[in-house]
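I opened this entry to keep track of what I looked up, chain by chain. The notes follow the order in which I went through the model.

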Amino acid sequence: MNSALKAEVYVIENRCKGCGVCIEVCQADVLEESCDVNAQGYNFPVVKNSEACLGCGMCEMLCPDFAIYIRVIEPEETMS
Amino acid sequence: METRTSDRVHPVDSFLCTDLFPSSWCPGCGIGTVVYSFLEAVRECGVDLDRVMLLTGSGCTGSVADYLRVKSQRAETRFLLDQAADTGLVDPDRNIVVFMNNADLLISGAEDLARVTKRGARMLVIHVNNILYVITRDGLVTNTPYTRPSWDGRFELPFNLPELAISYGVHYFARWTPLHAGWLKYSIVEAFSRKGIAFIEVLSPCVLYEGRAGSIGDAVERIKLYDSYAVMNSNARTAQFDIRNSSNIVIGEILDRNAS
């Protein structure tokens, strides 16, 4: 996907409750469920394909536990 | 560069009591999404959070006040809307925000809504409607669709909440689901600038008790279900917003009385 908008996904693992909503709503198939568990015993999401992220922010909007967020990279930052 | 997990800061962390997280809500609960949309709306329209007074009532929606760094009051179920109107009278410049659930509105507060609207109070009401009354374990409220019988086999007809609130005279009414978090944020931004009562209903299914009834499974399935049921139609007649109509759930910005 050669999109102008690029973004990075960050997961705050210890807040996750493993509902899997972020994995489901991601259109670009960026996230997957990890094999590890966090302090509460939930399988948190991990980023498997960072380049594919479109920066739509659906994972950040729909996460009920404030455990995932994206940071949009400006185009000039990408070139440098 | 890869940052460590402990260094990561969520964009709305400045509004949250982060040491209390993870929250007490179930995995995939819609309330967290509603709170995120509210905080994003506050950030976007530049409302000073010191000038916001948050009022919450009972139940899971009541604990919204525990997790936010906002001046807040927890009112008794019966007096939630009255207390919000009185707080608005004391300090008219303050933005009053009320988070309420079915117990606060439909069990004991529906007549208060009529009185408060006629008094001309100014507040933003966010009603998290999970079509259940969770405290009594899978109980019915007056908003439960009649396709689900109660424990003794009765059927109960829900009433049409948009039609009720509009006839009471609210100035702004919108209905969304947690899946439409972007639209929900837009509605909250709009509602902050309205003069009267702005009412936003969020149809948020209860993961725990609906899962137990067998109709909806986990959080991912309810996201798919709401995606398949929700039809966005802001120009529909208010009679069409009845959730008794089980083929679809009409959502949208239903009413805007004083559009600028």
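I count two strands as paired if DSSP finds at least two bridges between them. The model is predicted, and I read everything below with that in mind.

**Strand 3 of chain B**

I began with strand 4 of chain B, where Ile126(B) is the bridge partner of Phe99(B). Strand 3 of chain B and strand 4 (residues 123–129) of chain B run parallel and are joined by 4 bridges.

I then checked strand 1 (residues 52–56) of chain B, which pairs with strand 3 of chain B in the parallel sense over 5 bridges. Here I noted Leu55(B) opposite Val98(B) of strand 3.

Is strand 3 of chain B buried or exposed? I take a residue as buried if 20 or more other C-beta atoms lie within 10 Å of its own. Of the 6 residues of strand 3 (residues 95–100) of chain B, 5 are buried, so the strand is largely enclosed by the rest of the structure.

**The sheet of chain B**

**Helix 1 and helix 8 of chain B**

I looked up how this pair packs. The axes of helix 1 and helix 8 of chain B are 8 Å apart, at an angle of about 50 degrees. The crossing of helix 1 past helix 8 of chain B is right-handed.

From helix 1 of chain B I listed residues in this contact, including Val34(B), Phe38(B), Ala41(B) and Cys45(B). From helix 8 of chain B they include Leu184(B), Ile188(B), Val189(B) and Phe192(B). By class, the residues of the contact between helix 1 and helix 8 of chain B are 10 nonpolar, 2 polar and 3 charged.

I place Pro22(B) in the segment before helix 1 of chain B.

**Where the chains touch**

How many residues does the contact take from each chain? I noted 19 residues from chain A and 25 residues from chain B. On the side of chain B that touches chain A, helix 1 (30–45), helix 8 (181–192) and helix 10 (219–229) of chain B each supply at least two residues. Helix 1 of chain B gives the most to that side, with 5 residues. I sorted this side of chain B by class and got 15 nonpolar, 9 polar and 1 charged residues.

**Chain A**

Of its 80 residues, 40% count as buried. Among the contacts in chain A with a separation of 6 or more, residues 24 or more positions apart account for 62%.

I also looked up positive phi values in residues other than glycine. Phi of Asp29(A) is near 60 degrees; Asp29(A) sits in the loop between helix 1 (21–25) and strand 2 (31–33) of chain A. With 11 C-beta neighbours inside 10 Å, Asp29(A) counts as exposed.

Phi of Phe66(A) is near 55 degrees. Phe66(A) is in the loop between helix 2 (58–62) and strand 4 (68–73) of chain A. Phe66(A) counts as buried, with 25 C-beta neighbours inside 10 Å.

Key. Residues numbered from 1 in each chain as written. Chains lettered and ligands numbered in written order. Predicted model: local features only at pLDDT ≥ 70, side-chain atom pairs only at ≥ 80, totals over all residues. Contact = placed C-beta atoms within 7 Å. Nonpolar A, V, L, I, M, F, W, Y, C, P; charged D, E, K, R; others polar. Buried ≥ 20, exposed ≤ 12 C-beta atoms within 10 Å, placed from the backbone. Axes fitted to C-alpha atoms, helices over the stretch in contact; angles between N-to-C directions. Left-handed = near helix turned anticlockwise from the far one by under 90°.
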